[in-house]
Amino acid sequence: MLKKYSFLLFISTGALITSCRFFKSEASLQIQALTGDGEALTHAKVLVNKIQVGQTDEHGFFKASMELPVDEPLLVEVSKASTETFYAPFFETIKVKRGDVNNFKLTATLYGIKQGSTAINAANPSNPAAAAVATEAVDSTPAKTETLEVGGTVDSPTLATANEATSASAAMTINQDAENGRSLTFYVVSGRDAVENASIYFGDASKKQWMHGCYSNTNGRCTFKVPEHLDSIVTLVRAKGFQTQSRSFQLLDGDKVRFELNRGKSLEVFAISPNQGNMEGVENVKVSLNGKFLGNTDRFGSFIAPMITETDGKGKVTLEAEQWLPGKSEFTLNDQINDSIIQHFQSIKPVAPRVAVMDFIVYRDKADGAMLNPPSLEALQASLGQAGANIINSPALNGKLAQYKVSLNDLSAGTWGQLKKVGEPINYVLRPSFIEGNQARIILSAIDLQGRMVYSVSQSVKAKGSTQAVLNDLSIRMLQNIRHEGAIVEQTGEDFRINIGKNQGITVGDKIQVTGNVRLPSGEITAWDTIASGVVSEVGPDRSRMKLTQTQPNTKVEPGNSVALDRRPSTTGEAINLTVLEEKSQGPIGLAEVYAGDQWLGASDLSGQATLATADLLKTKDVNVFSPGFSPKNIPFAEGSKTISAALSHEATPVQIESQPSGAVVKINGRDLGRTPIDTDIPYPGPTVNIEIGGVDGFEYITRSQSVGNRGIILKGNTQITLNRDPQQDARVLANEGKFIDAAQVLEGIPETDSVYLLAQHQLGELYLNQLRDPIKAASAFHKVTSNVNVDGFKDKRFIGTYINEAVALFQAGEQTAVADNNLAISYWRQSEAILSRTEDQLRFVPQAQYNQAVHTLSYYRALSLHKTWTITQNAEDQEHAMQRWKDYIQGTALALPQDQHYDWVKKAEGYFQQIQTARNKPSKNARSPVAM
């Protein structure tokens, strides 16, 4: 029985959102984090694709099994935050193979230096040998380290392409979903046993619903995402044979939640109110068992209590609700009905439809003389509110729509489905239009969440002072003709009294649908569905009487059942098909209104087809077709015709663009329209355009693809373009003023999702290397570029210089740490030489203006890294490699360089070569003693 009731709950609430995903391969990840000295690094964060999955333990180990997508490069990162020591992060890429046993064992060595240390490369008095060497050393670092610039663009791949891929990679979590949100992993157990097939729900407060998350697998585990805007979450866990459990908790990154279920049964009460097709929980319904008050339903309409004794499972449950129908209902628990009670409620007062209102769409007719100004949105909202609508326009609604890259005003047949993702309870969207000219006219159209036009009203505006009166009249007509919902409030004999009347536009003879519970003879509820139909027999201001005309089997019509009146145009009898097409492309035009005078005949569907009743057409000789963005068209109707076709042409497209700050240059498809604010018309450019906005000092240039909405290209007010500060330019200004730390903070604040992130990290590396003299942080910044999935392996040729700069930074890090830790210094130098060796083949892709500098820097530091390594190891192989690289530099690279620019570098190289050659000809007596440099 629990299973049956669970199924009923899903169907009734419309809350089934299956958001869990079962991944294809399990992977074991084992990481040992060490310092440069080989000591265990505790509490280091472990991230997979930028999502923290845990941290190392007291022994520096991290072990975890997780489900990961197959054949996808996954970036593993180990980092350690410390106020005393800066640790350069560790990066590694792994890939899970389908069907394999995926075990990854990584050793992450995080090299570090003391924060704020400036004298770490000074001679240490406690080490006399090192001090003596320092007095004879040749200066190994040129007076100025030249870093390589990064070009702004190349043919392929572009930065935009790289960042899009990076963002997609960063968005992939351990459990990826199509929707944005935060991933939670749940473990459902009972004692030591995992609980399989447990259903986990989370509460959506905006919809007052329980939304289904996932089912637990054989290990009692399931993962799903909750909306990212939630800071806390309420969950409900149900499993057959176990008591239902509900908990609330705060969300943290990488949350893992454990549910301990007790065996047994629970009393579950779900109080639900159907409203305009939405199911919402009813709060504060009193729940009593055998006359004893147990508690009230929560904001989701649920009440959960464990059944302690057998008597609890066979008692009488009473539900009492104020301002709702039924006011009191009773249920007797037995072997057939012993777990879940689902009761539907209706408000004593009719609930006003929730309406979102677009801005006015203006049909422009420049040929006419003096024209009336279109009404304001505020005036329309006031009229609708007075007529009884619940207007829900708000900045919050616009913000949620913006997350799906759409605005309320730009909704069209193709994007209407985005409304369902927003989470705001909307019943209808009203689309107002204003026809300019001597025959000015206002049209209001109501569109439901499925993108169907359910009603439209139209009226001409005769004079300037009559606009508000027309809005009031249209609002009343609109609210009277869209779907009305109410409830049966009482029964007298065969008559039923309903709580909607003349004020809602009901007239005698209107047909009414009745919705309620469908019950079997045993009392079991099987569905919430249409159970009867009736006709209005008497009408009062707020109440009407209804007589039943038909009743479904196994149903009972009673107070509390909902009633609905739907006045869509009827096409019963002979009908005519109207096809609405775009004139040039002959493509279909959806949601076009069709009128005969002021009488609405219907609207085209998404395929451009409209079905019109012949009886309506017999009253007129022609029909008028309106569709936003197109010129209205009058279509003659010939009696006896079976089909009509309307080919609409695009109007001139209005362009209204504002920016913050103003004064930005605007280009549409390459055409310069001037500086903002822009208010002009252009020939219809097509369904989408490419907009470029910029040219304001200190702000970034924006390029975006913009759909051409029904109202044209309107980007002003809440949708105006806000130019972002150019953080790279800000950082350059600060650096020029000598505020290097401030400049670094600006660059560090640029998020990875920003289109300039990679360029900014390169700039940050240059700042740390040349100005702040912090080569480890410089190497870390450069490495964030070179390890990026779109750059790694030299995929993006703009960043070849970044590889070289990373190697230079690692070399200087070795210089800083050589006195304190020879092994760490050698590690840095070997990494530097390895990067330069890999980069040598890529030098042909360096722009000509930077080529000589790139070749020189690579060759010089490659030889110098080998040389420095040899000074400590005294290894013959290192000595031979260093000699060969110095010879290549002096006899090759140096000869191709302008002497006035690199004279000092070449002289230093000749000194190094002479030094290492002398040492080879005269070996040291102590093979482990460093050679003075």
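Me: Which residues do ring pairs link into a cluster?

Reply: The members are F811, W829, Y860, Y861, W886, Y889 and Y912. Two rings of Phe, Tyr or Trp (its six-membered ring) pair if their centres lie within 6.5 Å; planes under 30 degrees apart are stacked, over 60 edge-to-face, the rest tilted. Please keep in mind that this is a predicted model, where local features need pLDDT of at least 70 and side-chain atom pairs pLDDT 80 or more, while totals for chains, interfaces and linings use all residues. Residues are numbered from 1 along each chain as its sequence is written, and side-chain values use heavy atoms, leaving out hydrogens and water.

Me: How many aromatic pairs does the whole structure have, and what makes F811 and Y861 one of a particular kind?

Reply: The search finds 14 aromatic pairs. For F811 and Y861, the centres are 5.4 Å apart and the planes 70 degrees apart. The distance is within 6.5 Å and the angle is over 60 degrees, so the pair is edge-to-face.

Me: What does the pair of F811 and Y861 tie together?

Reply: F811 sits in helix α13 (residues 800–817) and Y861 in helix α15 (residues 848–873), so parts 50 residues apart in sequence are tied together. Helices here are DSSP runs of H or I with at least four residues, strands are runs of E with at least two, and both are numbered from the N terminus. The protein chain has 17 helices and 55 strands.

Me: How do you know whether F811 and Y861 are buried or exposed?

Reply: Compare their values with the cut-offs: buried is under 20% relative accessible area, exposed over 50%, partly exposed in between (1.4 Å probe, protein chains only). F811 has 0% and Y861 has 0%, so both count as buried. Helix α13 is mostly covered, with 18 of its 18 residues buried. Across the protein chain, 51% of the 933 residues are buried.

Me: What makes Q459 and R477 a polar contact?

Reply: Their side chains are joined at 3.4 Å. A polar contact is a pair of N or O atoms within 3.5 Å (within protein, one able to donate a hydrogen and the other to accept it; residues adjacent in sequence count only if both atoms are side-chain atoms), so this pair qualifies. Q459 lies in strand β33 (residues 453–460) and counts as buried at 19%.

Me: Why is K797 said to lie over the face of F845?

Reply: K797 is 4.4 Å from the ring centre. The rule asks for NZ of Lys or CZ of Arg within 6 Å of the ring centre and within 35 degrees of the ring normal, so K797 meets it. R247 lies over the face of F259 too, at 4.7 Å from the ring centre.
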